[in-house]
Amino acid sequence: MDTDSRFDSTYLFRLIYKHRKKLIVLLLITAAVVTIVSSPLFIEPKYKSQLILFPSSSNSISKSLLTEQVNIKQDILQYGEDEQIDQMLQVLNSTRIRDKIIERFDLLNHYGYANSKYKYTKLHDAYKKNIKCKRTEFSAVSVTVLDKDPQMAADIANTIGEIYDSTCNEMQKDRAMQAFKIVEKAYLDKVHDIRVMEDSLAVLRSLGVNDYETQSEMVNEQLAIVIAKGDKRAIKDLQEQVEILAKYGTPYVSLRDQLEYDKLQLSEIKAKYDEAKVDAEQILPQKFIVSHAYKAERKSYPIRWLIVLLSMLAVFIFALFVIIFIERVPGEIQREMEKERADKAKRKLMSDKPQEKRETENTDKGKKDPDERRDSL
């Protein structure tokens, strides 16, 4: 097997050496043609710009800044983890950002599809081909943009980072605003209820009920004293106070206790109201920018030397197969034909031998018959 391998390799090198001039000329022609075809005359060069981002770990300003006990995952200075990276990629690849970029940079005309039949289909395909968002090996997110204009490539990449913030804030603000309206209504209703109860208590205080328990105790003590003294006028005055306390004491106690409870609730609702208001009105960046996109000085596509090299390699392998076919196949066919003729000749020879044998026997028999006749005479 090793001998055959060495023989095949030797044969292959001999074959290359034999046709070296033809192969060199073919490769030079291929290099020249591919160099011309891959030039800017036929393939539009593109420049690459890249933006590197990290997602933030928390999107809630209130939980990050206003809450007393803050989880490390809610820290506004903490980088996001896998979940936040997946969310960032989903938003970056969304139609919201795509449509805003297309509109802002007029990509329909920039890519030359304004007069095409299926212009939006081609535009979206070109967008996917030229603008890619993916995770890096260091758990960051890269936004890579290819464009014929190096400045536009950088501008598109940086703008995608800006639009990412506004897009996330828009989505969160819609939900935060609804939550704020719910909390605001509860807060305002509670404030109104407290104000009504305070007005009611003010009316009761104007009627003489200021502190039911203390007043009841003091009036009863004074009433016992004046009864013992027999002061009828004082007794009448104190009995009027007793009647007032008996009539308005229970509503006073109920309103006072309810007011105290509602004020505690109002304090809690007020904290939620402040948090919801901050989330609804304030904006917090949703990302950390590691590297801004900048204008490229050299084109990134096409890589002409690589195209030329691969084309020459492909042509060389194809030419080598053609040479092997031309060199070996006719010889193999001729050998097969010669073998087939030899087999036919051999079969014919084998079929002719029995006939010759019969003819020889007949001849011998014909020669022998006269003698036998003489012997019989």
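What percentage of the 377 residues of the protein chain count as buried? The share is 29%, where buried means under 20% relative accessible area, exposed over 50% and partly exposed in between, with a 1.4 Å probe and protein chains only. This is a predicted model, in which local features need pLDDT of at least 70 and side-chain atom pairs count only at pLDDT 80 or more, while totals for chains, interfaces and linings use all residues. Residues are numbered from 1 along each chain as its sequence is written, and side-chain values use heavy atoms, with hydrogens and water left out.

**View 1. The whole protein chain.** The protein chain holds 11 helices and 4 strands; helices (H or I, at least four residues) and strands (E, at least two) are DSSP runs, numbered from the N terminus. Among contacts (heavy atoms within 4.5 Å) with a separation of 6 or more, 79% join residues 24 or more positions apart. The accessible surface comes to about 26,500 Å², and carbon and sulfur atoms supply 56% of that surface. Accessible areas come from the Shrake-Rupley method with a 1.4 Å probe; for residues, only the protein chains shown count as cover.

**View 2. Strand β3 and its two partners.** Strands pair if DSSP finds at least two bridges between them. Strand β1 (residues 47-55) runs antiparallel to β3 and is joined to it by 7 bridges, with Tyr47 opposite Asp147. Strand β2 (residues 131-135) is also antiparallel to β3, through 5 bridges; here Ile131 stands opposite Val145. A hairpin is formed by β2 and β3, with 5 residues between them, and Ser139 in the turn has a positive phi of about 60°.

**View 3. Two sides of helix α2.** Helix α2 (residues 20-37) has 18 residues and reaches 25 Å from first to last C-alpha, close to the 26 Å expected at 1.5 Å a residue; the expected span is 1.5 Å times one less than the number of residues. Its buried residues are Leu23, Leu27, Thr30, Ala31 and Val34. They cover an arc of only 100° around the axis, so they lie on the same side of α2; the arc is that of the directions from the helix axis to the C-beta atoms. On the face turned away from this buried side are the exposed residues Lys21, Lys22 and Leu28.

**View 4. Asn169 in helix α8.** Asn169 belongs to helix α8 (residues 150-206). Its relative accessibility is 12%, so Asn169 counts as buried. Apart from neighbours within four places in sequence, Asn169 is in contact with Ile283, Leu284 and Gln286.
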